[in-house]
Amino acid sequence: MQKITEKHLAEKAKDLLSQGKVSAVLGWRRGEFDYDVTPALFTDADEIENGLVYNCFCGANLSKYLVSKIRAVEGRMLVFLKPCDTYSINQLFTEHRVDREKVYIVGIPCNGMADITKIRNAVGEGITGVSGDECLRVETLYSDEPAELCLADVMSERCVNCKSKKHVAYDELLGDEGEVLDSHRFDEVERIERMSPDERFAFWQRELSRCIRCNACRDACPACTCEVCVFNNPASGVESKAPVNEFEEKMFHIIRAFHVAGRCTDCGECSRVCPQNIPLHLLNRKLIKDMNECYGEYQAGEAVGGVSPLTDYTAEDGEPGDLIRRRDTDA
Amino acid sequence: MRKCLYKDIHKIFARVAEKMPLYIPAKTGDEKAEYKKWSEGDELFEGLNTVKSPKDLFFPQSEDLVRFKTEGKNIEITDVREDKGPFAVFGVRACDAKSFEVLDRVFLTEPRDSYYASRRENATVVTLACSRPSETCFCKTFGIDAGEPGGDVSAWIAGDDIVFSANTEKGSAFLDIIGELTEECSCDAVDREKEKIAVIMERLPLSDLTTDGFGGGKTEDLFNRAEWAELSEACLGCGTCTFVCPTCQCYDIKDFKSGNGVVRYRCWDSCMYSEFTKMAHGNNRLTQKERFRQRFMHKLVYYPENNDGLYSCVGCGRCLKSCPVSMNIVKVMKKLGGKKND
Ligand code: SF4
Ligand code: SF4
Ligand code: SF4
Ligand code: SF4
């Protein structure tokens, strides 16, 4: 299996640009440190040569940027997408938020992304360098020897339960195609389901009370594509800039989870960007799991078009109430 | 100067808490920390910075100002401010201590903000020198000395001890409270610690970052620079940077209809938001580029212009750690610094 590195991405981008197949490239730009990579639009070969990066810190899902960035570009835009990101873009195609014809998707392999907070917890402050892929060498200011960490031990929470290494949308692939995985991604949801109502309440209270209502979760979410969110619209009557009280804070997150239900692909951006490390993806996963149980297995973004569980009705559809009763009798 | 064993710090906390509420950076879930009211069992966060800064203690994210209630033709107006009374905050880093000065210039100049002012007057700020700065720290850029953290009392962890030194009257009163638990000591250990910190500060990756090219009078040089487009292109407009920033000071005042009258409250606002300072004519910053530019121009040009050269960034590095797309003031300064508009 050929190992795909950022060199391959750069070659591909320069190639397609020079052939005129695409007029801009959406990728990630190198930062001040090895880990502070920023999504970026490239239009020339030199910039790509010097700036384009692909490493285990390229967690940011680029698909949502297409909604706004593509308007600024004549012709097609190349976008590099990891397997999980391709589910997001399919969903955007389905919802007509992005024009398929204007996008040139290059699927890239992914071994899982690292979480810098986990690395920091392992090695402490003063991280001056991180290199390697499966095995990371972390240099710090406070020790002469670099620390060796296994990527698996500092992996982003969502990558630990990666649902798929398969690209569900692409124009071309770099490297070999992967497979849909048996991810065990509902294990944690089941653990929470088994809690008593009081325990569960306490769990979410503890998590959500830390929310600073920065809205990063919403703004990064590829399923949240309203250009002005109702909560940012003073004319909506529900504009809300502050966490008013703990009750409202929980409502905000639950409402948001319902709002993206059936459309959330479980890409995990919400939890990745949360400055307070709140496991928001668990709310979405709970809804995915319930929908699977009520209406049959469904993976948002697996394909373009079609109907989703909540926009379709069949006589066989289960009732949410039955689900709860069944769970209670099982327990 | 007075010292005690660092491992006995909880005894100091307990003693102070008998006299007044004490806030410390405490661990929350998942290795993150926040300032919280100390109670038995709470442990001091050993890492460097809390996610949110201590500005919450003086300028809370949201607070009720006044309540209105109408009955027939009468309107009843109640001042609903929460008066905390005297309190202490321990473990404030030099950068955050400096941020209070930045906030003071906004809230304590006429018209003075009485909500903020009363909390500032009531607070005893105990700072803590940084023995292990993060790679994201750049307080030095703004002339802040992490080894001389300031506030009412400065503290250093030196060897097995924690050493306290009062800087103000409030600080001396604080040392009196913990007097029995501490003993008089010389400055030697502290001096050695300060030297160590000075050496580390030089080794930090951002130690060469300067404010060249910024400051009062630079609006024309910087405002129309082409680089703002690239710098702002990935910004989500989420406002995380402004909420974690110790010096961001913008707020909105809103009315909440509670069914039992109207509560007027204020809450943090963010120049990164599309509805920020929206008026009848709309918002004068139409795209994220203008909003993004505002945040950095304010910190690096407008604020120093109006405040004797004081910058309204203290180099705490929080925005470097929290931005979901890793865009931040350091990248802005490196891109725009020291060059002229052409
Ligand atoms: S990103 Fe985290 S802190 Fe910010 S609004 Fe979402 S849950 Fe709250
Ligand atoms: S700079 Fe970063 S943290 Fe600030 S609004 Fe933009 S995306 Fe959010
Ligand atoms: S702009 Fe960033 S580094 Fe500067 S004070 Fe604010 S959060 Fe800290
Ligand atoms: S910026 Fe300076 S004062 Fe602030 S935490 Fe870092 S070293 Fe300490």
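This note goes through a sheet in chain A and the interface between chain B and chain A.

1. This is a predicted model, in which local features need pLDDT of at least 70 and side-chain atom pairs count only at pLDDT 80 or more, while totals for chains, interfaces and linings use all residues. Residues are numbered from 1 along each chain as its sequence is written, chains are lettered from A in the order in which they are written, and side-chain values use heavy atoms, with hydrogens and water left out.

2. In chain A, three strands make up an open antiparallel sheet in the order β5-β6-β7, where strands are DSSP runs of E with at least two residues, numbered from the N terminus, and two strands pair if DSSP finds at least two bridges between them. The edge strands, each pairing on one side only, are β5 (127-131) and β7 (143-150) of chain A.

3. Four bridges join β5(A) to β6 (residues 135-140) of chain A, and Gly129(A) has Glu139(A) in β6(A) as its bridge partner.

4. At the interface, 51 residues of chain B are in contact (heavy atoms within 4.5 Å) with 42 residues of chain A. The area buried between the two chains, meaning the accessible area (1.4 Å probe) lost on being put together and summed over both, is about 4000 Å², and carbon and sulfur atoms give 53% of that area. Glu135(B), Glu233(B) and Glu275(B) supply 16% of the area that chain B buries against chain A, more than any other three residues.

5. Six salt bridges are found across the interface of chain B and chain A, each being a side-chain nitrogen of Lys or Arg within 4 Å of a carboxyl oxygen of Asp or Glu. Lys321(B) forms a salt bridge with Glu125(A), with the closest N and O atoms 3.1 Å apart.
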